[in-house]
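Biologist: I'd like to learn how to read pockets and helix packing in a model. Could you take me through one, giving the general idea before each case?

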Amino acid sequence: MQCEVSFSYALRILEAKKVFTNYVKKQPEYAWTSNYSSRIYQSAFQHLGEAFKRYKEGISKYPKLKRKKDRQSFTVYDGNRKVTINPGKKIKIPTFGTFRLFESIPNTTASQTCTISRTGEKWFVSFSIEAEKLPVHPLFR
């Protein structure tokens, strides 16, 4: 008698994350993964979980692997705390360092996520910021 066990996508992704952390990262050919923040890998597994959730709900097709020629991106979540982004043309991304921006940031803001993407040979950073809702002037309604 053969017993078949069925796991939900969430449990499968959790197990894949454990295998990656406890086995794959410890292999000599993947030693370079220790140079980067574990938040990158956690966000990749989180995005995979969201893709399978959309598939299960019938919103999208079965998730495909990213190809090298596709748009490359990853997201850095800063856990429970916000990152302060100071005015100017530089941004400090946790565990990555400080980078020069094309456009200047006018005010001090806070962000919890930064998405770094590459299109062609150019790198881009996008981040959400906290801002208060400003009242709309009557002339601009």
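Modeller: Gladly! Let's begin with residue classes: Ala, Val, Leu, Ile, Met, Phe, Trp, Tyr, Cys and Pro count as nonpolar, Asp, Glu, Lys and Arg as charged, and the others, Gly among them, as polar. This is a predicted model, where local features need pLDDT of at least 70 and side-chain atom pairs pLDDT 80 or more, while totals for chains, interfaces and linings use all residues. Numbering starts from 1 along each chain as its sequence is written, and side-chain values use heavy atoms, without hydrogens or water.

Biologist: What volume does the largest pocket have, and which residues are closest to its centre?

Modeller: A pocket is an open set of points on a 1 Å grid over the protein atoms alone where a 1.4 Å probe fits, with protein on both sides within 12 Å along at least five of seven lines; lining residues have an atom within 4 Å of a point. Points are joined across faces, edges and corners, and volume is the space filled by probe spheres set on them. Here the volume is about 1,100 Å³. Among the 28 lining residues, Ile40, Ala44, Lys66, Ser73 and Phe74 are the closest to the centre.

Biologist: Which element gives the largest share of that lining?

Modeller: Elements are DSSP runs numbered from the N terminus: helices (H or I, at least four residues) and strands (E, at least two). Helix α2 gives the largest share, eight residues. Both α2 (38–56) and β1 (72–77) supply at least two. By class, the lining has 16 nonpolar, six polar and six charged residues.

Biologist: And how is the second largest pocket lined?

Modeller: That pocket has a volume of about 510 Å³. Of its 16 lining residues, Arg100, Leu101, Trp123, Phe124 and Val125 are closest to the centre. Strands β3 (88–93), β4 (97–105) and β7 (122–127) each give two or more, with the largest share, seven, from β4. The lining comprises 13 nonpolar, one polar and two charged residues.

Biologist: Which residues of α1 and α2 meet?

Modeller: Contact means heavy atoms within 4.5 Å. Tyr9, Ile13, Ala16, Lys17 and Phe20 in α1 meet Tyr41, Phe45, Leu48, Gly49, Phe52, Tyr55 and Lys56 in α2. This contact has nine nonpolar, one polar and two charged residues.
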